[in-house]
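Welcome! Please take a moment with the sequence and the model below, and then we can walk through a few of its parts together.

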Amino acid sequence: MRKNIFYAFLAWLLPLVAMAQLEGGKVYSFENVQYSGKSMCLSTNSYIGINATNNSEYSQLWYAQAVDGAYTLRNLYSGQYLRSSNAQSVKWTMVNAVDDNCKFKCESAGSGYTLRASNTSNNYHYMHLAASQGNHLVGWEKGAAATQWKISEVNISKEDIERFTGELLNKTVQGISPRKFFFAKYIHPMLGEIHGEFVVNYIK
């Protein structure tokens, strides 16, 4: 009898540990519940979309930082912050500086989690994957499966996280993208002054 109870407990527990609630200082991917195998990533024109889940693609990885009882999410590829439109059916965007629409509450819902800006309680302001709008993210209602996300912690080495947080995520480089800054900081010295400078000039 005790053994049966133990195994029943494990069966209940395992789905919970497969997903993660947000925690500051860690890196996550966000896979849509309705569109399994598709994760949130950078898109065009400062919008956010989805692509086939690949945790080696930094455009799909998001660094969480705790702030004001909520979290900001910063993309490891661009260094930009996710920003809610705080409006129904209006696309979410990426920005270079944090405002109140960049601070998110993460809540358990259905088969995953939902995200909304901490400065709103509107039921139609949750992060939703809109297939009808080019697979971009928009504000929509909490109960929809495409509004729910499987959040998975991604195993990034402590050294890489420290590099990103110390040199990219917390570093403001005027007019230089985080990618270009990273190359100039770490790769350029290895190539030598002439070759390194040539390559840096062609990185966006």
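Let's begin with a cysteine in this predicted model. C41 has a relative accessible area of 5%, and because buried means under 20%, C41 counts as buried. Another cysteine, C102, is buried too, with a relative accessibility of 0%. When the whole structure is searched, zero disulfides turn up.

Now turn to strand 1, which covers residues 27-32. Six of its six residues are buried, so strand 1 is largely enclosed by the rest of the structure. You can follow this on both of its faces: V27, S29 and E31 are buried on one side, while Y28, F30 and N32 are buried on the other.

Which strands pair with strand 1? One is strand 4, residues 62-67, which joins strand 1 in the antiparallel sense over two bridges. Look for Y28 here, whose bridge partner in strand 4 is W62. Another is strand 12, residues 149-153, which runs antiparallel to strand 1 and is joined to it by five bridges. In that pairing, N32 stands opposite W149.

Finally, move along to strand 8 (residues 104-109) and strand 9 (residues 112-117), an antiparallel pair held by six bridges. Within this pair, E107 has T114 of strand 9 as its bridge partner. The two strands form a hairpin, with two residues between them. In the turn you will find G110, which has a positive phi of about 55°.

Terms used. Residues are numbered from 1 along each chain as its sequence is written. This is a predicted model: local features need pLDDT of at least 70, side-chain atom pairs count only at pLDDT 80 or more; totals for chains, interfaces and linings use all residues. Side-chain values use heavy atoms; hydrogens and water are left out. Two strands pair if DSSP finds at least two bridges between them. Helices (H or I, at least four residues) and strands (E, at least two) are DSSP runs, numbered from the N terminus. A disulfide is a pair of cysteine sulfur atoms within 2.5 Å. Buried means under 20% relative accessible area, exposed over 50%, partly exposed in between (1.4 Å probe, protein chains only).
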